[in-house]
Amino acid sequence: MNIANYTTGIFVRALEKLYRSRGLDFSALLQRQDFPAAAAMTVEVPITVRFTTDLLNAAMAELQDPLLGISLSRFADYPHFGALGLSLAAGGTIQELLHRIARYHRLVSDVVAPQVLYMPQQIALQFAPAGDHVPHPQAVLFVVASIVRLLRARLQARFDPAQIQVPAGMESSHDALRHFFRCPLHNGDSFALFLHRADEARLLGSGDSELADLIEFTLRQRLRQCTQGQFIAALGKWI
């Protein structure tokens, strides 16, 4: 992948299901936004963020949904995240899950650079911008909400984050965000999901360690190819 500020349509299938659940014409939405047909059909096709930004803005306006990312997470499934989704489905501990997301997120977008941060009582997954482009808040919210839904579905006992950090501009939705995440909320420069350190070693249920190892190897190969393609493209601008 060597497209500047690219992403993949990881939320497009979920958006299609959301529209269908409300009896709305999803194809008409794609046509109005000139959204690439290939990106709507194939999860891992890289596309410029202009298309995904326009699509999310149009859907928010049509659905009148200020928390579209959370609504989309209701319809998310592992295949929506491509090979990365299979890796998440493979299991492991919460700490391993966070590191996999941070390590391989570049396969689905170069707009955000997730980092795992350690504090005395908490571990956090921060979704800071990777460059000058500001990621669409609903796209990041979709990912964060999907992670929380995954943890709640795969852990034996109740799970709630320690706290959630959200960027400015979402003040009117703070109560609804607190209700969904079931934890304290504070403002920051970007989204960040904070978990209790006591939870980091908890195992996700129904995991397959052999499958996880196989997919991990595949993802490493794909990440290497992705990075090489971007380096060659950048080098070409200097020659």
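In this predicted model, five strands form an open sheet with mixed pairing. The strand order is β3-β4-β7-β5-β6. The edge positions are held by β3 (112–118) and β6 (185–188), each of which pairs on one side only. Direction ignored, neighbouring strands of the sheet are turned by 20° against each other on average.

Within this sheet, strand β5 (residues 163–167) pairs with strand β7 (residues 191–196). The pairing is antiparallel and spans three bridges. Ile-164 has Leu-193 of β7 as its bridge partner. Helix α8 (residues 137–154) packs on the sheet. Helix α8 touches β3, β4, β5 and β7. The direction of α8 makes about 20° with that of β7.

α7 lies across β3, β4 (122–129) and β7. Its direction runs at about 150° to β3. Helix α7 covers residues 94–104, and its buried residues are Ile-94, Leu-97, Leu-98, Arg-100, Ile-101 and Tyr-104. Viewed down the helix axis, these buried residues fall within an arc of 160°, so they line one face of α7.

Across the protein, there are ten helices and seven strands. Of the 239 residues, 50% count as buried. Among contacts with a separation of 6 or more, 70% come from residues 24 or more positions apart. The accessible surface comes to about 11,700 Å². Carbon and sulfur atoms account for 54% of that surface.

Technical notes:
Residues numbered from 1 in each chain as written. Predicted model: local features only at pLDDT ≥ 70, side-chain atom pairs only at ≥ 80, totals over all residues. Heavy atoms only, no water. Buried < 20%, exposed > 50% of the residue type's maximum accessible area, 1.4 Å probe, protein only. Helix = DSSP H or I, 4+ residues; strand = E, 2+ residues; numbered from the N terminus. Arc of directions from axis to C-beta. Contact = heavy atoms within 4.5 Å. Areas by Shrake-Rupley, 256 points an atom, 1.4 Å probe, with all protein chains shown as cover. Pairing = 2+ DSSP bridges. Axes fitted to C-alpha atoms, helices over the stretch in contact; angles between N-to-C directions.
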